[in-house]
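Here is a friendly tour of one model, with an eye on its rings and strands. Please have the viewer ready.

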Amino acid sequence: IWFNLNRTIRSNVCNRMSTIEVNKITPVSGGTAIQVGESGDTITIPSGCTITNSGTANNFGDSLRPNAEPIIINGDMKVAQRGTSFTGVSSGSNWPVDRFEFYPANLGAYTIIQEALTSGEAYNNGFRTALRIDTTTADASPAASDYSILRTKFEGQDLQSFKKGTSNAEKFTLAFWVKSNKTTTGQVNLFDIDNDRLVSGTYTISSANTWEKKIINFPADTTGAFDDNTALSLIVEFFLDSGSNFSSGTAPTAWEAQTNADRNANNFAIGSSTDNDFAITGVQLEVGEFTSATIPPFQHEKFGNNIVRCKRYYQQIDRPSYGDNTVLVGITTNGNQMFMVRLPVSMRSAPTISMTGTVITVYSTNSSANVSASNPTLSAGTFGTDGGRLLYAKIGDNGHGSWVDIDNNNTHMSFDAEI
């Protein structure tokens, strides 16, 4: 084995331990690969180490992640089960893409879309879709309690690698691509729901209408562990506008007891003008502290894997692409038409079930003829994470088969287990 001249080798033969300090290790003459360890060995990289890649590829960084999958689901904005464009959005939960909730509360109105990218630096880095918000009704003087926020939420069991609330707590790094007409400073918060704690970071858009990559480091928190369960533990929230209840404080750079006044101290003010817009993609959350030079690359998942992870929180039964009907084989009880449904993907919790649209028909037999009920009221029967039964008021003969038709492309059954 050959080493560069500038080196020190110190060995402890008795303990069969050694420390090798070198500036460079290269393959033997004629070789092109270096192996570290043998199969079954444990290679430890101490906390706080920085591994820098000087090339354009950074595949080695992927292997250093403690999570095999991205912590943030659908960070490339590819999955949009509920639709790709919504207009007149002014209140409540709205999902322009899966796992990213835009929630305005009495502050302007917006068009929100899954935007197709065809150029720009985000496109050049492999991103083909983004979440875009355009202000269509301005509110330059919001009431104190009004706000607009974009957020994504996490189960506690998916956050244990941060070791929060322990003496070995890890730092957080958030990275994303952003574009806006506004050259201003915005605020992003980590909101620990389990312990009601908050820490903030800021980003500045330097050039209008230009995709820019931002990296924000958040400190470790030795106070308050995340619960290890399927409930909500953490929110990453991009505050986009608010009244004074959320903007009268100071953005905390250290973890603190959550205070609403601190959550939007750097107000992006998207609702102040109909000229304003905000687009984002490539959102990733990493364990540890990284810079633009050291952060692992964004994990571009296969679409099939991505949508399965999204369906843990939301899925729907649509009109089939071929044929006219969605048939759910059912049976008739004394008071209800009962349909058994097996969900293709297990959900986070027993879902809330609803019908969207106006063209659903329930059919059943009645002697030798069929009878139907249009747009009947749905009442959820016993339902769990993997499926269950749906109930409609009984039509037709007791004990005969029945089925459901979804007769319109804009009509579907929704199964919602969002956090």
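## A ring to start with

Is Phe176 buried or exposed? This is a predicted model, and in it Phe176 has 0% relative accessibility, so the residue counts as buried.

Phe176 has a ring partner in Tyr203: the centres lie 5.3 Å apart and the planes meet at 90 degrees, so the pair is edge-to-face. Phe176 belongs to strand β8 (residues 172–180) and Tyr203 to strand β10 (residues 197–204), and the pair links parts of the chain that are 27 residues apart. Tyr203 is also buried, with a relative accessible area of 2%.

The model holds 14 aromatic pairs. One of them is tilted: Tyr147 and Phe239 are 6.2 Å apart from centre to centre, with 55 degrees between the planes. Tyr147 sits in strand β7 (residues 147–155) and Phe239 in strand β12 (residues 232–242), so this pair ties together parts 92 residues apart in sequence.

Tyr147 has 19% relative accessibility and counts as buried because the cut-off is under 20%. Phe239 counts as buried at 1%.

## Charges over rings

Arg99 lies over the face of Tyr313, 3.7 Å from the ring centre. The charged end of Lys182 sits over the ring of Phe268, at 5.5 Å from its centre.

## A three-stranded sheet

Now to the strands. An open antiparallel sheet has three strands in the order β15-β24-β18. Its edge strands are β15 (314–318) and β18 (352–356), each pairing on one side only. From one strand to the next, the twist averages 20 degrees.

Five bridges join β18 to β24 (residues 412–416) in the antiparallel sense. Thr352 has Asp416 of β24 as its bridge partner.

Terms used: Residues numbered from 1 in each chain as written. Predicted model: local features only at pLDDT ≥ 70, side-chain atom pairs only at ≥ 80, totals over all residues. Heavy atoms only, no water. Pairing = 2+ DSSP bridges. Helix = DSSP H or I, 4+ residues; strand = E, 2+ residues; numbered from the N terminus. Axes fitted to C-alpha atoms, helices over the stretch in contact; angles between N-to-C directions. Phe/Tyr/Trp six-rings, centres within 6.5 Å; stacked < 30°, edge-to-face > 60°. Buried < 20%, exposed > 50% of the residue type's maximum accessible area, 1.4 Å probe, protein only. Lys NZ or Arg CZ within 6 Å of the ring centre and 35° of its normal.
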